[in-house]
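This briefing groups the computed features of the structure shown below by topic.

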Amino acid sequence: MTPLLDVLRDRLGLRGAKAGCGEGRCGACTVRLGDRTVASCLLPTVLATEPVTTVEGIAPPDGPLHPVQDALLEHGGVQCGACIPGMVVSICTLLESDPDPDEATVRAGLTGNICRCTGYQKIVEAALAAAGKDQP
Amino acid sequence: MSAIGRRVRRSDGDAKVRGTAVYGMDHTEPGMLHAAVRRAEVPAARIVRVDTTEAAAMPGVRAVATAADAPGRSGMLVVKDQTVFAAGDVRYVASRSPPSPPTRRSRPRPPPPRSGWSWPSWNRCSTWRRRSTPAPGTCTPTGRTT
Ligand code: FES
Ligand code: FES
């Protein structure tokens with residue numbers, strides 16, 4: 001059973017989603033399926049029966065960044081960037097279902113996304129800022 | 001104009017948040033070969049023989065690499081004993097309760113010496129000295145406990 005991630009990366013050339021672990025632990029492969037996020041490394045492609053959005057589909061290629069992407073850069077939430085495609089998809093999906101999250105909700109929403117660089121704080125700040133909750 | 005004292009965005013950030021940054025794993029080029037790893041089906045075993053003829057005969061296969069092609073150690077620091085491929089023994093499993101190697105008492109006596117015989121490598125592993133249950137996160141011959 002070919003995982004959705006392999007189809008995205010190898011067949012469709014969409015290499016934003018990363019094969020960080022290949023076993024559902026890291027979240028670097030997170031994409032949106034319908035209105036929820038999935039670890040595409042674990043999802044058999046035949047089960048992807050709803051529209052799939054990858055990080056490449058969050059902002060138009062030549063257009064301005066999505067507010068979440070913009071906030072990640074503005075708040076220094078990006079270091080090596082390996083986790084970022086998954087983070088972007090997770091945060092966007094979270095904010096769509098809950099446009100006004102508190103910090104605990106954001107942290108809970110990102111439990112499936114591991115970042116080895118940033119320590120999460122700046123990513124959480126970016127997510128809150130994207131939700132219009134800029135902290136001083 | 002100087003960047004000093006200003007808040008600047010990282011220069012590679014745009015590509016990273018768009019998912020268009022090209023990492024090593026994203027690089028492709030025409031004629032690129034692909035590698036696939038064949039993993040052991042058992043958590044711990046002694047490797048007597050690796051038969052690669054069937055794999056090598058598959059259409060499109062250019063090469064099959066085994067431990068014999070990658071001698072030496074690949075690791076560093078805490079994993080300095082690590083080899084590229086399992087060599088001699090399969091001992092690369094991480095599990096919640098690692099299969100315990102025989103304790104000193106039940107450890108089989110060495111068979112009569114004959115050339116080419118050696119202890120399985122977990123017996124040589126310097127990190128495997130304790131007999132009690134290793135603490136979480138410890139490096140054991142069978143992987144890292146969780
Ligand atoms: S690659 Fe899918 S969760 Fe790590
Ligand atoms: S920025 Fe490196 S893993 Fe998150």
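## Leu94(A) and its surroundings

Leaving out residues up to four places away in sequence, Leu94(A) touches Thr105(A), Val106(A) and Gly109(A), where contact means heavy atoms within 4.5 Å. The model is a predicted one, in which local features need pLDDT of at least 70 and side-chain atom pairs count only at pLDDT 80 or more, while totals for chains, interfaces and linings use all residues. Residues are numbered from 1 along each chain as its sequence is written, chains are lettered from A and ligands numbered from 1 in the order in which they are written, and side-chain values use heavy atoms, with hydrogens and water left out.

- Leu94(A) is placed in helix α3 of chain A; helices (H or I, at least four residues) and strands (E, at least two) are DSSP runs, numbered from the N terminus.
- With a relative accessible area of 12%, Leu94(A) is buried; buried means under 20% relative accessible area, exposed over 50%, and partly exposed in between (1.4 Å probe, protein chains only).
- Leu94(A) and Leu43(A) are 51 residues apart along the chain, and their C-alpha atoms are separated by 20 Å.

**Nonpolar cores**

- A nonpolar core is a set of buried Ala, Val, Leu, Ile, Met, Phe, Trp, Tyr and Cys residues joined through side-chain atoms within 4.5 Å.
- The largest nonpolar core has 28 residues, among which Leu72(A), Ile84(A) and Ile123(A) touch the most other members.
- At least two residues of this core come from each of α2 (67–74), α3 and α5 (121–130) of chain A.
- Helix α3(A) supplies the largest share of this core, 8 residues.
- Apart from neighbours within four places in sequence, Ile123(A) is in contact with Leu72(A), Gly77(A), Cys83(A), Met87(A), Ile91(A), Leu110(A), Cys115(A) and Thr118(A).
- A second, separate core of 10 residues includes Leu5(A), Leu33(A), Val38(A) and Leu43(A).

**Helix α1 of chain A**

- In α1(A), the buried residues are Leu4(A), Leu5(A), Val7(A), Leu8(A) and Arg9(A).
- These buried residues of α1(A) pack against β1 and β3 (52–53) of chain A.
- Gly13(A), with a positive phi near 70°, follows α1(A).

**Salt bridges**

- Glu96(A) is exposed at 56% relative accessibility, whereas Arg32(A) is buried with a relative accessible area of 10%.
- In chain B, the side chains of Glu41(B) and Arg38(B) form a salt bridge (2.9 Å, N to O).
- Here Glu41(B) is exposed, at a relative accessible area of 68%, and Arg38(B) is exposed too, at 67% relative accessibility.
- A network of salt bridges links Asp70(A), Glu74(A), Arg7(B) and Arg9(B).

**The second largest pocket**

- On a 1 Å grid over the protein atoms alone, a pocket is an open set of points where a 1.4 Å probe fits, with protein on both sides within 12 Å along at least five of seven lines; lining residues have an atom within 4 Å of a point.
- The second largest pocket has a volume of about 500 Å³, taken as the space filled by probe spheres set on the points.
- Its lining comprises 18 residues, of which Asp6(A), Arg9(A), Asp10(A), Ala19(A) and Met25(B) lie nearest the centre of the pocket.
- By class, the lining has 9 nonpolar, 4 polar and 5 charged residues; Ala, Val, Leu, Ile, Met, Phe, Trp, Tyr, Cys and Pro count as nonpolar, Asp, Glu, Lys and Arg as charged, and the others, Gly among them, as polar.

**Chain B**

- Chain B has 3 helices and 4 strands, in the order α-β-α-β-α-β-β from the N terminus on.
- Of the 146 residues in chain B, 18% are buried.

Note on methods:
A salt bridge is a side-chain nitrogen of Lys or Arg within 4 Å of a carboxyl oxygen of Asp or Glu.
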